[in-house]
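Okay everyone, thanks for coming.

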Amino acid sequence: MRPDILNPLFAETETLDGVGPKLKKPLDRLGLTRVRDLAYHLPERFVTRRAVDNADEVGEGEQIVIRLTVTEHRGGRSPRAPYRVLAQDTLGNVLALTYFGRASYTAKKQLPVGETRWVAGKLERFGDMLQIVHPDHVVEEGGDTLQRLCEPVYRLSEGLTQPRLAGLIAQALGKAPELPEWIEGSQRAKHDWPSWREAIGQAHKADHRDARDRLAYDELLANSLALMLVRADNRKRKGQPLKGDGSYRSRLDLPFPLTGAQKRSIAEVESDMAQEAPMLRLLQGDVGAGKTVVALQAMLIAVEAGTQAALLAPTEILARQHFESLRRMAEPTGARVALLTGRDKGRAREATLMGLLDGSIDIVVGTHAIFQDKVAYRNLATVVIDEQHRFGVGQRLMLASKGKRAPHVLAMTATPIPRTLTLAQYGELDVSKLDELPPGRQAIDTVVLGQDKLGALVERLAAQVAEGRQAYWVCPMVREMDGPEDIAAAEARYAALHERFGDDVVMVHGQLAGELKDAAMERFARGDAKLLVATTVIEVGVDVPNATLMVIEQAERFGLAQLHQLRGRVGRGSQKSFCVLLHGETLSETAQERLKLMRQTQDGFLLAEEDLRLRGGGELLGTRQSGDTPFTVASLEQITELLPKAYDDARLLMERDGGLEGKRGEAARVLLYLFERDFGVKTLRGG
Ligand code: ADP
Ligand code: MG
């Protein structure tokens, strides 16, 4: 039960003055559905303006507040021409206040000829003219101009304006209660941090480092605590020691010898699984390093010990691919492998559920459907999670609750995660590294081209196809995870390529019906289709060794780690492979730098580090979060700096008051609910 003190913060945004259905939409789009979300919608940056009394002392492009007397209105001659209001400063310099479109109505009202006004905005030079385009504020003398010298700038969505959103946030902050202190006293004193309520207010007013750090620390502390509570609960439940006799593994008939790194990782997994304490191990290995075989061995150990294993994939397509390849590999061992996704219905689904219950299925591969309440296992003892960073923390932790005993968990990722982030996502965990690619892999040549070279590229592609090769064509990422624009882009590209290549082209994207997606993937995997047009859904895991060309459109929109993952789809066979990064007309300097880096290196670890640096650094206030962290307040920089402390703080609290019953424990419960890490609190009940 959420503590009552938080009720005002968890009220819906509609309870605020002025929020109706019309305003709710743009708020929802930003994920701001409750008062709490508005309070935590921290400014992306602040504009700081200088108060001046004449334009002579102002530099080009400076943000100012200036006192002006209106002299003349010059309406646009055509509807599209700008509307200009001329005004003089104290020295007689003439400035133009320039308005486009409907904004001119406001200008007419706010700036009567002969009156004096304070005007805030950016001073620019347009030919010989000094001008401010669309002033941020126009205030009558005696108004609150001076307060506005420093103003927050918020991330908006269509249908919202800065003043509108700022007004709502101010209302939300007005409802924020005093909350009990959950940070350890000496920790707070050391940093001289404000109380929660002060901090959340200050963070909206100006660039208060302390306030922001405190808020970030709260989030990191909440997460650390939640993880520890769940871990403590898991430990109480214990795991099953699993010792395999090698009977299944010895019948494997792999077409290649294992690499040294694979052997080492398998040995580490084997020794973990033999313990009663549940394994929690992360297997890091670059794309193509061969993680699947390691997963298979772990699952066969489980089967040898008379238990079941599950492999969880982030998408339907990947689940299917894993299922196919694992079934093929496991065939000679006699282990029975099944597939279960949200799409399976009716009798086939019933049969699978039955098999899981009576133990006639040894290994199940699927999407999160395999952990739904209705799915019961005879004895699930091992869980492998592929591409773990795509799952939310909560989802991962829920896995641990299937079965009476805590399962052994092996998480696999191709994205090298810095230790601070693994700490954030899992708490303590062990890491195995596949730092050695299978022998014989060829370097992939990466080329960066402007979109205007598309025609030449298609000819090149035709030549490859004529030689029997296959290719991927990834469409621009307009939104994360297949929004309507992404699909429109993919469909348009597919239509264009279909004209040239006919039925040699297939397409997959998130909105296609499951069977169509499967059919397309199958045709491509079999080699019947030569060209696969896709949104980013193929990002991870797809394995077609005959594919030698990867084209990525508007590559500048992708993160480095993601580009690297996509590139890793080719270069899996014996043929020379290429990756073509197409980019739009204008490229920012950072974008150029990133694409250059892609050309220069194929080292996934290096790219991931650079990706973090380029995304984390340079952002004002560090408000931009990494998509790979479970945090919405803490920036990468803050995570690096504050997480270890928050983690220690949490551990100390757990040692003193593991049931969260003392005064600080109570406060910590409030914190867990505030950040919706209350699945941690739930483990306390009845324990
Ligand atoms: P990832 O780590 O990206 O999941 P996979 O497990 O899909 O990599 O393996 C990529 C490809 O490498 C597969 O075709 C697999 O059969 C092959 N492979 C795995 N291990 C080896 C090895 N030791 N030697 C040669 N090929 C291997
Ligand atoms: Mg894989």
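So, how much accessible surface does the protein chain have, and what share of it belongs to carbon and sulfur atoms? It comes to about 31000 Å², with 49% belonging to carbon and sulfur. Keep in mind that this is a predicted model.

Now let's look inside. The chain runs to 687 residues, and 54% of them are buried. As for secondary structure, you'll find 22 helices and 22 strands in there. And how do the pieces touch each other? Take the contacts between residues at least 6 apart in sequence: 73% of those join residues at least 24 apart.

Okay, on to the ligand. Which residues come nearest to ligand 1? There are 16 residues around it, and the nearest are G288, K291, T292, R441 and D543. If you sort that shell by class, you get 6 nonpolar, 5 polar and 5 charged residues.

Let's zoom in on some polar contacts. G288 uses its backbone: a polar atom there sits 2.7 Å from an oxygen atom of ligand 1. K291 uses its side chain instead, with an N or O atom 2.8 Å from a ligand oxygen. Then there's Q262, where a polar side-chain atom lies 2.9 Å from a nitrogen atom of ligand 1.

And how much of ligand 1 does the protein cover? On its own, the ligand has 560 Å² of accessible area, and the protein covers 81% of that.

That's my tour, so over to you.

How values were computed:
Residues are numbered from 1 along each chain as its sequence is written. Chains are lettered from A and ligands numbered from 1 in the order in which they are written. This is a predicted model: local features need pLDDT of at least 70, side-chain atom pairs count only at pLDDT 80 or more; totals for chains, interfaces and linings use all residues. Side-chain values use heavy atoms; hydrogens and water are left out. Helices (H or I, at least four residues) and strands (E, at least two) are DSSP runs, numbered from the N terminus. Buried means under 20% relative accessible area, exposed over 50%, partly exposed in between (1.4 Å probe, protein chains only). Contact means heavy atoms within 4.5 Å. Accessible areas come from the Shrake-Rupley method with a 1.4 Å probe; for residues, only the protein chains shown count as cover. A residue is near a molecule or strand if one of its heavy atoms lies within 4 Å of it. A polar contact is a pair of N or O atoms within 3.5 Å; within protein, one must be able to donate a hydrogen and the other to accept it, and residues adjacent in sequence count only if both atoms are side-chain atoms. Ala, Val, Leu, Ile, Met, Phe, Trp, Tyr, Cys and Pro count as nonpolar, Asp, Glu, Lys and Arg as charged, and the others, Gly among them, as polar.
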